[in-house]
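Student: I would like to go through this structure with you and learn how its descriptions are reached. Could you show me the sequence and the model?

Tutor: Gladly, here they are.

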Amino acid sequence: MATSNQTILITGASTGIGLATARYFAQRGWQVVATMRTPNKAPADLHTLANVLVLPLDVLDVASIAAAVAAALHAFGRLDVLFNNAGYALAGAFEALSPVQVQQQFNTNVYGVMNVTRAVLPHFRERKQGLILTTTSVGGHIAFPLYSVYNATKFALEGFMEGLQYEVKQFNIQVRTIVPGTVRTDFTVAIQYVPAPAYDPYAQRVHEQTLASYAHAATPESVARVVFAAATRGGTSARVLAGSQPKLVYLLRWLLPHRVFAGLLNRTNGGK
């Protein structure tokens, strides 16, 4: 295993892409700060790796974020990469989603990312270097049925990161988004689906079709490799597509007229 004195802080590292990324970087000698709301739920191997520090971090709790960043700097002396990865999906017809549910979705997926980024930026700025990576989604560029609010959070993240990159470039801080399609992770279990009788059976067909599509999705490990490449190979791309699915969707969206693309998307997701 090659050694490295570089350090990455990952949010949402207990499962899925975050966990796979923590393992992948650790196996390549990086110092890894694997953060999550409940560290006792992390797999045992994450706690036993010498170059991995598992810490509690709730993206909605600025005190816990500050404590995690301070503990990471105390342990490793520096942070080189921040990987904003924590998030979840709220699914269902918009009319059925309560204002509280919508607010919670934005709190975690958007304001949580902003909270962690704000906490790490002073360190990056003082060092005159740093890289901010953020998991968005192909759904941050192309919207899908039943995911209007989730899509809105990912669109917001893309806009936030695109604007942020100009502000921090003067400090030699780079900003990139990692754009996966569907990924075979516990994320599907974490999807909060809200039924809406007035929209059934369409909504149920779409939801079932969406869940079924995860059987052929990319693996978390494949996305972790993309994250590692984004962190180590340099380049100037602001967005990194993770896997063939987002590349295909983008190509079809660019090639096809909107009416044709929308019809294809609707039929693919169980519509008529």
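Student: At what angle do helix α4 and helix α5 pack, and how far apart are their axes?

Tutor: This is a predicted model, so please take every value as computed from it. In the model, helix α4 (residues 99–127) and helix α5 (residues 148–168) pack at about 20 degrees, and their axes are 9 Å apart.

Student: Why are α4 and α5 called roughly parallel?

Tutor: Angles under 35 degrees count as roughly parallel. The angle here is about 20 degrees, so α4 and α5 are roughly parallel to each other. Their crossing is right-handed.

Student: Which residues of α4 and α5 meet?

Tutor: From α4 they include Val102, Phe106, Val110, Val113 and Leu121, and from α5 they include Tyr150, Ala156, Leu157, Phe160 and Leu164. The residues of this contact divide into 15 nonpolar, 4 polar and 1 charged.

Student: How do you know that the length of α8 agrees with what a helix should span?

Tutor: Helix α8 (residues 220–232) has 13 residues, which at 1.5 Å a residue should span 18 Å. The C-alpha atoms at its ends are 18 Å apart, so the two values agree.

Student: What do the buried residues of α8 pack against?

Tutor: Their partners are α1 (16–27), β4 (81–84), β6 (130–135), β7 (173–180) and β9 (239–242). The buried residues of α8 include Val223, Val226, Val227 and Phe228. After α8 comes Gly234, with a positive phi near 70 degrees.

Student: What makes the phi of Lys128 and of Leu146 worth a look?

Tutor: Most residues other than glycine have a negative phi. Lys128 has a positive phi near 60 degrees, and Leu146 has a positive phi of about 75 degrees. Lys128 is in the loop between α4 and β6, whereas Leu146 lies in the loop between β6 and α5.

Student: Which peptide bond is cis, with omega near 5 degrees?

Tutor: That is the bond from Asp200 to Pro201. Most peptide bonds are trans. Pro201 is found in the loop between β8 (192–193) and α7 (202–213).

Student: How do you know that Ala72 is buried?

Tutor: Its relative accessibility is 0%, and buried means under 20%, so Ala72 counts as buried. Ala72 lies in helix α3 (residues 62–76). Leaving aside residues up to four places away in sequence, Ala72 touches Leu9, Val33, Leu53, Leu55, Gly77 and Leu79. The C-alpha atoms of Ala72 and Val32 are separated by 9.0 Å, with the two residues 40 apart along the chain.

Terms used:
Residues are numbered from 1 along each chain as its sequence is written. This is a predicted model: local features need pLDDT of at least 70, side-chain atom pairs count only at pLDDT 80 or more; totals for chains, interfaces and linings use all residues. Side-chain values use heavy atoms; hydrogens and water are left out. Axes are lines fitted to C-alpha atoms, for helices over the stretch in contact, and angles run from 0 to 180 degrees between N-to-C directions. Helices (H or I, at least four residues) and strands (E, at least two) are DSSP runs, numbered from the N terminus. Angles under 35 degrees count as roughly parallel, over 145 as roughly antiparallel, 65 to 115 as roughly perpendicular and the rest as oblique. A crossing is left-handed if the near helix is turned anticlockwise from the far one by less than a right angle, and right-handed if clockwise. Contact means heavy atoms within 4.5 Å. Ala, Val, Leu, Ile, Met, Phe, Trp, Tyr, Cys and Pro count as nonpolar, Asp, Glu, Lys and Arg as charged, and the others, Gly among them, as polar. The expected span of a helix is 1.5 Å times one less than its number of residues. Buried means under 20% relative accessible area, exposed over 50%, partly exposed in between (1.4 Å probe, protein chains only).
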